[in-house]
Amino acid sequence: MNMKKRVLAFVLAAVMIIGMTACGTKENKDSDEIKKTAEDINIAVMTGPTAIGLVKVMSDNEAGTAANNYHFNVYGTADEISTGLLKGELDVACIPCNLASVLYNKSEGEIITAAVNTLGVLYIVETGNSIQSVEDLRGRTIYSTGQGTTPEFTLRYLLSSSGIDPDKDVTIEYKSEAAEVAAMLAEAADAVAMLPQPYVTAAMNQNENLRIALSVTDEWERLNEDSTVVTGVLVARKSFLEEHTEAFESFLKEYKLSAEYTNENVEEAAKLIEHFGIFKEAIAKKAIPYCNVTFLTGEEMKKQISAYLQVLYDQKPASVGGKLPADDFYYQSEK
């Protein structure tokens with residue numbers, strides 16, 4: 001082969017490679033695009049951190065640019081959401097992690113988990129300077145929310161792991177909503193509470209003597225190198241997923257981008273958070289960096305949730321519904 005032919009062959013080969021790369025790039029780009037499926041989906045969120053990562057989807061939905069027709073319902077307690085899911089009135093919901101396992105067992109596999117949306121957001125706060133370690137909680141009254149869900153079992157685990165009997169050595173008083181706990185902190189001179197963000201920030205704004213004494217996540221990770229506190233997850237009805245897989249996949253893509261938007265655009269996200277009645281903008285702006293908004297799916301989701309549920313199960317099987325969920329509890333994307 002002479003020199004001219006060699007050069008021509010080389011050029012042709014290069015053109016083919018570039019063409020193939022371009023096709024591959026376009027194909028990858030297309031696969032990442034969110035398909036407009038325009039189906040009706042009923043979604044429940046709770047006031048608090050688990051709703052924060054969804055606000056961009058909520059905004060797009062309001063503007064009519066979302067992939068589906070989302071009907072968002074904001075609730076103050078998890079009990080209302082549980083009822084709606086089990087009755088089939090809700091399709092998708094953001095709920096505490098352990099509750100997802102409870103509902104999976106109660107519904108015999110009808111409620112499954114698709115993503116982790118919030119990691120550790122719980123903090124021990126006090127009006128004073130007496131709490132420096134978990135041991136310092138001994139003999140105190142602790143106000144908290146979330147009886148029967150993630151906060152209760154997480155607190156009980158931290159206490160018992162530190163040699164403190166949650167039923168004898170402390171008094172835990174549960175309130176139905178975090179706002180009630182914040183009110184108790186404002187009234188008492190030496191109150192101790194466990195609160196999630198952004199309620200911690202809201203309470204500190206109202207009471208200059210309030211301080212963060214302990215990060216529950218830090219205390220958990222000192223005890224467990226291989227797991228962390230999984231606060232909130234995204235669940236869905238299995239029958240809904242089977243009938244509307246494509247629409248749900250589009251929602252998952254939107255949710256991922258929305259969580260990223262919240263973390264990367266704090267001021268804009270804070271405005272949306274107030275717009276949708278979740279929290280005041282000024283508080284949200286301060287709290288977002290501490291809310292651990294995330295979006296984990298697939299194997300990483302399974303790894304984090306299963307490790308967390310195992311710790312809860314070992315402490316009290318009822319906290320996860322009597323038994324650990326099987327593999328079909330974890331939704332695996334078909335995309």
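**Cavity, core and confidence**

A search of the whole structure, a predicted model, turns up one cavity of 30 Å³ or more. Here a cavity is a set of points on a 1 Å grid over the protein atoms alone where a 1.4 Å probe fits but cannot get out. Helices α6 (150-161) and α9 (216-223) each contribute at least two lining residues.

Turning to the core, the largest nonpolar one (buried nonpolar residues joined through side-chain atoms within 4.5 Å, buried being under 20% relative accessible area with a 1.4 Å probe) holds 110 residues. Beyond four places in sequence, F251 touches I43, L54, V57, N68, Y70, V92 and L234, with contact meaning heavy atoms within 4.5 Å.

As for confidence, pLDDT (the predictor's score for each residue, from 0 to 100) averages 87 over the protein, and 90% of residues reach 70 or more. Strand β4 (residues 111-118) has the highest mean, 97, and helix α1 (residues 3-32) the lowest, 39. Over residues 1-31 pLDDT stays under 50. Where pLDDT is low, the predicted coordinates should not be read in detail.

Residues are numbered from 1 along each chain as its sequence is written, and side-chain values use heavy atoms, leaving out hydrogens and water. In this predicted model, local features need pLDDT of at least 70 and side-chain atom pairs count only at pLDDT 80 or more, while totals for chains, interfaces and linings use all residues.

Note on methods. Buried means under 20% relative accessible area, exposed over 50%, partly exposed in between (1.4 Å probe, protein chains only). On a 1 Å grid over the protein atoms alone, a cavity is a set of points where a 1.4 Å probe fits but cannot get out, and a pocket is an open set with protein on both sides within 12 Å along at least five of seven lines; lining residues have an atom within 4 Å of a point. Grid points are joined across faces, edges and corners, and a volume is the space filled by probe spheres set on the points. Helices (H or I, at least four residues) and strands (E, at least two) are DSSP runs, numbered from the N terminus.
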